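Welcome! Open the structure in your viewer, keep the selection tool handy, and follow along one stop at a time.

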Amino acid sequence: MKTLSSVCVYCGASSRVADVHKEAAHALGDGLARRGIRMIYGGGRVGLMGIAADAALAAGGEVVGIIPEHIQSAEVEHTGLTELHVVDSMHTRKRMMVERSDAFVILPGGLGTLDEAFEILTWRQLQLHDKPIVFADVDGYWRPLLGLIDHMVAQGFARIDRSTLYRVADQIDGVFEALETMPGASRPDQPKKL
Ligand code: AMP
């Protein structure tokens, strides 16, 4: 089992969501810190992003935020982080988040979270990385999306072996278990450029 030192958290920036999602974000941030795992995320103070970061910091963890300057005000950058990187674009943000992380957790979120999730899933499919990816399916939030992926496979538009591409956990404890046990994808001889 590979030891994880940094985990990237993708999640929603909205605060108008059910308490069950806020509780999951808190549990994830807290759980990362208690395991000595650095949290890498988008650097905002809003929504589940802020809740997870605050929980990790409150439990004594390290949190690294990466935020593009053009959305600094919309997402209200978190000023109490271990490190905050203000970058020039969304692309730089996403690349840095991937480079600095050993694994990825996808909490419930909106279109931005989906964009990030699919980028990291397709990059694993293309063997650009072999880092574990876990959907935190809190309250069945990702069920329609996972159903859509099954539909794509059934219709011949995707050849995805779920067990090698991603894991799904419906509890935060299960997320940690999945992160620790998910094997790497088969490695290319030469690492490709992200
Ligand atoms: P959301 O899931 O829409 O609440 O967004 C969560 C995070 O994803 C925010 O920090 C967004 O800035 C970020 N994000 C990443 N890529 C995108 C994108 N293509 N469109 C919108 N938001 C994005």
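Start with the largest pocket of this predicted model, which holds about 240 Å³ of space. Its lining is made up of 19 residues. Select Glu-75, Arg-93, Gly-112, Thr-113 and Glu-116 to see those nearest the centre of the pocket.

The biggest contributor is α4, with 5 residues.

Now show the ligand. The space it takes is this very pocket, the largest one. Two elements give two or more residues to the shell around the ligand: α3 (90–99) and α4 (111–125). Here too α4 has the largest share, again 5 residues.

Which residues come nearest to the ligand? Of the 15 around it, pick out Ala-13, Glu-75, Arg-93, Gly-110 and Thr-113. By class, the shell divides into 6 nonpolar, 5 polar and 4 charged residues.

- Ala-13: a backbone N or O atom is 2.8 Å from an oxygen atom of the ligand.
- Glu-75: a polar atom of the side chain lies 2.5 Å from a ligand oxygen.
- Arg-93: an N or O atom of the side chain sits 2.9 Å from an oxygen of the ligand.

On its own the ligand exposes 480 Å², and the protein buries 74% of that.

Conventions:
Residues are numbered from 1 along each chain as its sequence is written. This is a predicted model: local features need pLDDT of at least 70, side-chain atom pairs count only at pLDDT 80 or more; totals for chains, interfaces and linings use all residues. Side-chain values use heavy atoms; hydrogens and water are left out. A residue is near a molecule or strand if one of its heavy atoms lies within 4 Å of it. A polar contact is a pair of N or O atoms within 3.5 Å; within protein, one must be able to donate a hydrogen and the other to accept it, and residues adjacent in sequence count only if both atoms are side-chain atoms. Accessible areas come from the Shrake-Rupley method with a 1.4 Å probe; for residues, only the protein chains shown count as cover. On a 1 Å grid over the protein atoms alone, a cavity is a set of points where a 1.4 Å probe fits but cannot get out, and a pocket is an open set with protein on both sides within 12 Å along at least five of seven lines; lining residues have an atom within 4 Å of a point. A molecule sits in a cavity or pocket if more than half of its atoms lie within 2 Å of its grid points. Helices (H or I, at least four residues) and strands (E, at least two) are DSSP runs, numbered from the N terminus. Ala, Val, Leu, Ile, Met, Phe, Trp, Tyr, Cys and Pro count as nonpolar, Asp, Glu, Lys and Arg as charged, and the others, Gly among them, as polar. Grid points are joined across faces, edges and corners, and a volume is the space filled by probe spheres set on the points.
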